[in-house]
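The sequence and the structure come first, and the description follows.

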Amino acid sequence: MNFFIKLINSFKYAAHGIAFCVRHETNLRIHIVAMIVVFFVAQFYELSRGEIILLILTCLIVICTEMINTAIEVVIDKVSPGYSALAKAGKDIAAGAVMISAIAAVIIAVIMFWDISRFVLIFKFLTQDIWHISMMLGSLCVFYLFIAKGKKRNIKGKKDK
């Protein structure tokens, strides 16, 4: 029984970590919105199973590197609350890893999706009637609120404003 309690707790702690990142990291929320858009656009293409797997892995690599970056930043903030050139280097290196994975994701998306005739098809779909236009504008508002309304990570123990 003790094994199952530890297992359940490990899933609970992982969920807390994911929730922390979603609440406090604007860039992670941007990546999540980008992932939603990528999978919406993918519906207009006849992707093979392998291409779908590639899209999933690409998106998850970006999200995972962002979460690892956040973990590194949180630990550095804990052990080095003041300015430190080494702490800055650690944070910059972790952010660089995220940037490399995001650039790779964009390159993969361009290679997979660059087709002007499909762009026209997607545009026509989004603008074909008032319902689609409303859904698109509503989605943009929801995406904006999701991205913009996160909490600032607080390392000093003060309440967020």
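## The Asp77–Lys91 salt bridge

In this predicted model, Asp77 and Lys91 form a salt bridge whose closest N and O atoms lie 2.5 Å apart.

The surroundings of each partner can be stated in terms of accessibility. Asp77 has a relative accessibility of 12% and counts as buried, because the limit for that class is under 20%. Lys91, with a relative accessible area of 26%, is partly exposed.

Which residue forms a salt bridge with Glu46? The partner is Arg118, and the closest N and O atoms of this pair are 3.3 Å apart. Arg118 is located in helix H5 (residues 116–127), while Glu46 sits in the loop between helix H2 (26–42) and helix H3 (49–79). The two residues are 72 residues apart, and the pair thus links distant parts of the chain. Glu46 is exposed, at a relative accessible area of 68%.

Arg118 also forms a salt bridge with Asp115, where the closest N and O atoms are 3.8 Å apart. Asp115 is partly exposed, its relative accessible area being 27%. Through shared partners, these salt bridges join Glu46, Asp115 and Arg118 into one network.

## Charges in the chain

The protein chain has four salt bridges in total, among them the pairs described above.

## Fold and dimensions

What secondary structure does the protein chain contain? The count is six helices and zero strands, and the pattern along the sequence reads α-α-α-α-α-α.

The C-alpha trace spans about 55 × 40 × 30 Å along its principal axes. The radius of gyration of the protein chain is 19 Å, whereas a compact globule of 161 residues would have a value near 15 Å.

## Packing and surface

Of the 161 residues of the protein chain, 25% count as buried. Among contacts with a separation of 6 or more, 74% are made by residues 24 or more positions apart.

The accessible surface of the protein chain amounts to about 11,500 Å². Carbon and sulfur atoms account for 74% of that surface.

Note on methods
Residues are numbered from 1 along each chain as its sequence is written. This is a predicted model: local features need pLDDT of at least 70, side-chain atom pairs count only at pLDDT 80 or more; totals for chains, interfaces and linings use all residues. Side-chain values use heavy atoms; hydrogens and water are left out. Helices (H or I, at least four residues) and strands (E, at least two) are DSSP runs, numbered from the N terminus. The radius of gyration is taken over C-alpha atoms; the globule rule is 2.2 Å times the number of residues to the power 0.38. Buried means under 20% relative accessible area, exposed over 50%, partly exposed in between (1.4 Å probe, protein chains only). Contact means heavy atoms within 4.5 Å. Accessible areas come from the Shrake-Rupley method with a 1.4 Å probe; for residues, only the protein chains shown count as cover. A salt bridge is a side-chain nitrogen of Lys or Arg within 4 Å of a carboxyl oxygen of Asp or Glu.
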